[in-house]
Amino acid sequence: MRNLLILGGGTAGTMIANKLHKRLPRDEWRITVVDRDDAHHYQPGYLFVPFGGYRADEIVRSRHHFIADGVELVYADIDRVLPDEKTVQLEDGRHLVYDYLVIASGTTPRPDQTPGMLGSEWRRSIFDFYTLEGAEALGRALQTLDRGRLVVQICEMPIKCPVAPLEFTFLAEAWLREQGIRDRVEISYVTPLDGAFTQPVAATHLGGMLAERKVDVVTDFMIESIDPDRKVLVSYDEREVPFDLLVTIPVNMGADFVARSGLGDELNYVPVDKHTLLSTAYDTIFAVGDASNIPASKAGSVAHFAVEVFVDNFVEHVSGLPMTRAFDGHANCFVESGDDKALLIDFNYDTEPLPGKYPLPYVGPMSLLKETHTNHLGKLAFRHIYWNVLLPGHPVPLPALMSMAGKETPAAQSDHQEA
Ligand SMILES: Cc1cc2nc3c(=O)[nH]c(=O)nc-3n(C[C@H](O)[C@H](O)[C@H](O)COP(=O)(O)OP(=O)(O)OC[C@H]3O[C@@H](n4cnc5c(N)ncnc54)[C@H](O)[C@@H]3O)c2cc1C
């Protein structure tokens, strides 16, 4: 028997286990998934928790329920990988051997990385919504907000779901209007980027939406520390932003075991070939999903599209054949914008988000870079697709690689304007 060991049973690890269980001969392969617990979280649902949108039981399910019978699931904290011995050491002292290893341990918010964040104001006036506990605590704090300064702040890129802080800002602005207290609450969006988003067309579009909603945008803000006594954010260039309620996206980092194994970069992400996801150091190790260092968004959609390509390549690689498919960094993200509307953005390594229609060219029904109610319904429907289609590894009728069909390129847009 050959052993495939998958570290992490989240979005990517679950899909990989289920898809390869169908593809690899069962009398030749043993597939094992390791995760620390049995709670699988639908993380995109965290966004709605502070506003009463989802309860915990709607976004947390048993992990084992989604992993195919025949795949072994081991509950343990991973201590380290010993790549030369093709062995993984677990914190409880057990060892697991592998022929091929997939690191799918994701990325985690690390409030401990910013001085002052975990001080006296943590979960009093400083909150995150990248964890379920954080999102629930923030929901309670919002109920007591009556006036003052609400600051939404990103510590450092990359973060998972880079549009989620914008979505939170749009939803908070709409929620404050609904509560009748918008005029008493100033909102600031504080980012280390030079605009609202990483990509120029989307940054202009999303920046315009923040301006329309009278959200003050503070750019190029590299946080040095938080002073909890004075309730201010302090940057390396000595600027200060005061807050009454801070919603922070802490530094996101890959798993510590990746660093202990000597397999990570400075943020514990595993260096891989961006097209095949094969480790640049070992040809028996892949990293898929948020755990790798590919220059794509850290998002469930990217994990899904990458898994489609990875599975075909993996089957070739273990048969001694060259890998013939190349992942293009395809990302597809809904951006909730408040008032039951959302935008959709679709992009890859080389092409930035552009206006147009998706998935059917000229038809949609989704609109790219445009706020519509249909996009919002798509975002809500995604939770059902996640549990019932994506995780079990069923085919999704969307191409894994990005398509230009239906997209309005800058050249096409200027031809249209001239006509
Ligand atoms: C607020 C928020 C909103 C989001 N919204 C969207 C969205 O709208 N669209 C979208 O596409 N994506 C969204 N995402 C991102 C998406 O959830 C992630 O990109 C996706 O889950 C990544 O999958 P993954 O398998 O790489 O990592 P994960 O799903 O995080 O899985 C990693 C697994 O590894 C396990 N693990 C890690 N370290 C260890 C260890 N030492 N020992 C044992 N087990 C370990 C963890 O327990 C976990 O189960 C959002 C994320 C957040 C936080």
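Two rings of Phe, Tyr or Trp (the six-membered ring in the case of Trp) make a pair if their centres lie within 6.5 Å, and a pair is called edge-to-face once the planes are over 60 degrees apart. In this predicted model, that rule gives 16 aromatic pairs. One of them joins Phe48 and Tyr54, with 5.4 Å from centre to centre and 80 degrees between the planes, an edge-to-face arrangement. Both partners, Phe48 and Tyr54, are buried. Tyr386 and Trp387 make another pair: here the ring centres are 5.4 Å apart and the planes meet at 75 degrees, so this one is edge-to-face as well. Tyr386 has a relative accessibility of 4% and therefore counts as buried. Trp387 comes out at 3% relative accessible area, so Trp387 is buried too. Ring pairs also tie Trp29, Tyr100, Phe286, Phe310 and Phe314 together into a cluster.

The charged end of Lys298 sits over the ring of Tyr269, at 3.9 Å from the ring centre. Tyr349 has Lys274 over its face, and in that case the distance to the ring centre is 4.6 Å.

Gln43 brings a polar side-chain atom to 3.0 Å from a ligand oxygen. Arg63 also works through its side chain, where an N or O atom is 3.2 Å from an oxygen atom of the ligand. On its own the ligand has 1,000 Å² of accessible area, and the protein covers 93% of that.

The peptide bond running from Tyr358 to Pro359 is cis, with omega near -5 degrees, and Pro359 belongs to strand E23, residues 356-360. Gly364 and Pro365 are likewise joined by a cis peptide bond, this time with omega at about 15 degrees. Pro365 is part of strand E24, which covers residues 364-368.

Positive phi values turn up in residues other than glycine, too. For Lys86, phi is near 50 degrees. Lys86 is placed in the loop between strand E6 (78-82) and strand E7 (87-90). Is Lys86 buried or partly exposed? Its relative accessible area is 31%, so Lys86 counts as partly exposed, because the buried class stops at under 20% and the exposed class takes in values over 50%. Asn268 is the other case described here, with phi near 65 degrees. Asn268 sits in the loop between helix H6 (256-260) and strand E20 (285-287). With a relative accessibility of 7%, Asn268 is therefore classed as buried.

How values were computed
Residues numbered from 1 in each chain as written. Predicted model: local features only at pLDDT ≥ 70, side-chain atom pairs only at ≥ 80, totals over all residues. Heavy atoms only, no water. Polar contact = N/O pair within 3.5 Å; in protein donor to acceptor, adjacent residues only side chain to side chain. Areas by Shrake-Rupley, 256 points an atom, 1.4 Å probe, with all protein chains shown as cover. Phe/Tyr/Trp six-rings, centres within 6.5 Å; stacked < 30°, edge-to-face > 60°. Buried < 20%, exposed > 50% of the residue type's maximum accessible area, 1.4 Å probe, protein only. Lys NZ or Arg CZ within 6 Å of the ring centre and 35° of its normal. Helix = DSSP H or I, 4+ residues; strand = E, 2+ residues; numbered from the N terminus.
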